[in-house]
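Thanks for coming. I'll take one structure today, starting with a cavity and ending with some salt bridges.

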Amino acid sequence: MRKLFIPALVVLGALVAACSGTGGTPAPTAVPATVAPSVAATPAPTLGFTVSLAPAGYFVSSNGLTLYSFDKDGAGVTNCTSSQCVQNWPALTVASAAQLTIGAGLNESDFGTISRPDGTTQVTFKEVPLYNFAGDSAPGDKNGDGVGGIWHLATKATVPPTPSSEPSAAASAPASAPAGSAGAGVCYDAHYQVVPCPSTAAGSPAAGGSNVSISSAGNLVDATGRSLYEYDKDTTPGSSACTADCATNWPALTIAAGTEVTPGTGLDAEDFTTFVRTDDSASQVAYYDKPLYYFAGDTAAGDTNGANVSASWHLAKPQ
């Protein structure tokens, strides 16, 4: 077989041709410009865990709804057991302690469970029982924070109440209670139980003013513009079915004994009555025989956070 020999000069010429061109020395391959790292958004809570941490620093349950603590509870003890309290503040429960899961940023050792009187297993943080609020309907809602001055967002700073942090007997109602409501005339004992105050004249209108009127949104409000509510379970004229824990969350609209309601434009005085409550002897206002209430979760004029809570509470509207 003949071997093909390529002269070295030809090979060298080919290499030179390959490395040369009309543009001279080729430009180096471009190096991608360094991209400044973007500022990462605060991560959303790791939903699906029994408890995870919201970007704002409070706890949420597996569906992203806010979790709360209750000042009346003790370490490892729930005192939210009445039907009304359970309805408004559903306990965070798991089928068993083994199913408790914790999201990023939280320490598993801080969480545990207790057995509730109804036999369910409630989740705790550092022995503080955790709850959702029936008035929250979407992630980010915090309508339960400050309700009655005894419900608070559950956070890493949450600890069981201690004797030194509890109010003295017959302490004034928390500042979050609506001004001019029964909340301003309801007092609490050392265990945050509602007790009668020396005076029941709370809720009287300012001189010359009306204590019930119609807001621009079309619902009834008091003299300061705070929303008023009706309760589906009030079915007996001249009687309130909202007492005990319910009365803490839903303070009655009251006026001084012996006085009459002064309605605003569009309302008739004959449609309003008053009756004496059985729990604190306050004189509560009723509209078409339906007692009127505030919601402790409303903190400013125009707030309507109590609308449709537990499907039993509704904004009072003119008839």
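Which residues line the second largest cavity? They are F70, C85, W89, I150, W151, D245, T248 and N249. This is a predicted model, where local features need pLDDT of at least 70, side-chain atom pairs count only at pLDDT 80 or more, and totals for chains, interfaces and linings use all residues. Residues are numbered from 1 along each chain as its sequence is written, and side-chain values use heavy atoms, with hydrogens and water left out.

A cavity here is a set of points on a 1 Å grid over the protein atoms alone where a 1.4 Å probe fits but cannot get out, and lining residues have an atom within 4 Å of a point. The whole structure has 2 cavities of 30 Å³ or more. Helix α3, residues 245-249, gives the largest share of its lining, 3 residues. Helices are DSSP runs of H or I, at least four residues, numbered from the N terminus.

Now the salt bridges, meaning a side-chain nitrogen of Lys or Arg within 4 Å of a carboxyl oxygen of Asp or Glu. The structure holds 2 of them. R277 pairs with D279, closest N and O atoms 2.7 Å apart, and with D280 at 3.8 Å, N to O.

How exposed are they? R277 is buried at 5% relative accessible area, D280 is also buried, and D279 is partly exposed at 33%. Buried means under 20%, exposed over 50%, partly exposed in between, with a 1.4 Å probe and protein chains only.

Conventions: 1 Å grid on protein atoms, 1.4 Å probe; cavity = no way out; pocket = protein on both sides within 12 Å on 5 of 7 lines; lining within 4 Å. Points joined across faces, edges and corners; volume = space filled by probe spheres on them. Helix = DSSP H or I, 4+ residues; strand = E, 2+ residues; numbered from the N terminus.
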